[in-house]
Amino acid sequence: METLQYLGQGFSVALSPNNLVTALAGTTIGTIVGLLPGLGPINGVALLIPVAFALGLPPETALILLASVYLGCEYGGRISSILLNIPGEASAVMTTLDGYPLARQGKGGIALSISAWSSFIGGMIATLGVVMFAPMLARWAVSFGPAEYFMLMVFAIVCLAGMAGDKPVKTAVAVIIGLLLSCVGIDANSGVYRFTFGSLGLADGIQFVVLVLGLFSISEILTLLERTHHGQAAVKASGRMLFNFKEGSSVFATNLRSGVMGFVFGILPGAGATLASAMSYMSEKRIAGESGRFGEGDLRGLAAPETANSASACGSMVPMLTLGIPGSGTTAVMLGALTLYNITPGPLLFQNQPDIVWGLIASLFVANVILIVMNVPMINIFTRILSVPNWTLVPAIAIITSIGVYAVHATTFDLFLMVAIGIFGYIMRKLGFPLSALLLGFILGGMMESNLRRALSISDGDLAILWNSPITLGLWALVIVMVALPFWRGYRARRARVAAVVEANA
């Protein structure tokens, strides 16, 4: 009952005229950013953080803007995936497998409307999950001390490497680089300069906005400059623009299963929408069995990743709000936005600033409704944006990025540092290192250090405090499981290859 009262309070915040217009603007911007290949939600959210700060938006309005952009990007990514066979981001890769074949069959309108509906269902399932489970998790997390928080962050980092698919080592290296970057600047306890190399510009450390815009926006500009032409033409969204009752009912069970799966993966730190969409697709393919035409234009193959993708985006808000742990790369950026407003995410946020938390949760409902209402009738308009040439897109991103960084401290040093970080990020991209893992390492690094120091201060330097409580022991067990997971997957893959060779030679 108390949760419903808080939710009602949240809707009073989210439905205020200013915040409603903000949510509408955020979803529109997010959809446009999402459908432009390569940009994705991290860039969309990162570009708007300095804008929100410069406009003097209150924290709840700024969070509603960023959350709306996040959800809008997840919706927008499906348009280029279905019509161009170019995923806007990694989590939209699975959408291309059945979305593009449907578009080639003249069912582009049906595919786009089914994907919009699936995203809506996934978002609503996950938002209901946030309402039910976030307050419970927050009440449980109040019992966390500095040792528990340190181990929780270790678990989040290990999760990131353990769920990194075929490149856990590169993910781990990217996280370590992020942790090292978080150490730059004056040590808060001893006053010692760390890794500043005699530069006063680095005395305050690397600013979050400089790092995130350098890593994602500048490296994306360099990637876009590689493309000398726009690429293939989009398949026209022809035929019916809306799915019928039979088509909708055929994917409804898929929507429910994938929505729950996406929410669960969203809660897990480091799992994210990419893993959620892949797992839901594989799960539905197994369930369909012989009757499925997955990869050839099966509506279930389109609905599953789209539902899981949207559900994961909403689910990733749970660890961010309740534990201060980002559930995805985009929520890591949003976590940085909270620090700009001097807001500490965690269990006490629900008690001390309920307007911010419940306003954000209610805005997820509002943004999902706006997106489904806006996306279906405007499909043809959004598809025209796909023809924006790179010579227009690159300067626009460069100008917005530079203004955003300069507005924070009004120093040219930050601009040069951003460019240097961008070049470094571009090289990391080319070598296959995940930039979101580096960002998560940077975000968690400062919190890990402060919590470890507090824990050791409480115990007079006794490391046993890190495994003395039931919670820390449970987290140690989870860390061991996640460390072992890549080795287990590798062992199974080797056994499968050996079995295939033996069968082929038999």
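Guide: A residue is called buried when its relative accessible area is under 20%, exposed when over 50%, and partly exposed in between (1.4 Å probe, protein chains only). By that rule, 55% of the 506 residues of the protein count as buried. The structure is a predicted model, in which local features need pLDDT of at least 70 and side-chain atom pairs count only at pLDDT 80 or more, while totals for chains, interfaces and linings use all residues. Residues are numbered from 1 along each chain as its sequence is written, and side-chain values use heavy atoms, leaving out hydrogens and water.

Visitor: What makes Thr-22 buried or exposed?

Guide: The relative accessible area of Thr-22 is 13%. That value is under 20%, so Thr-22 is buried. Its place is in helix α2 (residues 17-35); helices are DSSP runs of H or I with at least four residues, strands are runs of E with at least two, and both are numbered from the N terminus.

Visitor: What does the side chain of Thr-22 reach?

Guide: The side chain of Thr-22 reaches the backbone oxygen of Asn-18 at 2.8 Å. A polar contact is a pair of N or O atoms within 3.5 Å; within protein, one must be able to donate a hydrogen and the other to accept it, and residues adjacent in sequence count only if both atoms are side-chain atoms. Thr-22 is also in contact (heavy atoms within 4.5 Å) with Thr-61 and Leu-65, leaving aside neighbours within four places in sequence.

Visitor: Why is the pair Arg-194 and Glu-449 called a salt bridge?

Guide: A salt bridge requires a side-chain nitrogen of Lys or Arg within 4 Å of a carboxyl oxygen of Asp or Glu. The N to O distance for Arg-194 and Glu-449 is 2.8 Å, so the pair qualifies. Arg-194 lies in strand β2 (residues 193-194) and Glu-449 in helix α21 (residues 435-458), so the pair ties together parts that are 255 residues apart in sequence.

Visitor: What links Arg-194, Glu-449 and Arg-453?

Guide: They are linked in a network of salt bridges. Glu-449 and Arg-453 meet at 3.6 Å, N to O, which is within the 4 Å limit. Being four residues apart in helix α21, these two are separated by about one helical turn. Glu-449, at 23% relative accessible area, is partly exposed, as is Arg-453, at 32%. The structure holds four salt bridges, including that of Asp-298 and Arg-300 at 3.0 Å. Asp-298 counts as buried, at 8% relative accessibility.

Visitor: Which residues touch the most other members of the largest nonpolar core, and what makes it a core?

Guide: A nonpolar core is a set of buried Ala, Val, Leu, Ile, Met, Phe, Trp, Tyr and Cys residues joined through side-chain atoms within 4.5 Å. Of the 109 residues in the largest one, Phe-208, Met-317, Leu-321, Val-333 and Met-334 touch the most other members. Helix α7 (residues 146-162) gives the most to this core, with twelve residues. A second, separate core of 15 residues includes Ala-111, Val-251, Leu-302 and Ala-303.

Visitor: How many disulfides does a search of the whole structure find?

Guide: The search finds zero; a disulfide would be a pair of cysteine sulfur atoms within 2.5 Å. Cys-73, at 1% relative accessibility, counts as buried, and Cys-314, at 0%, is buried.
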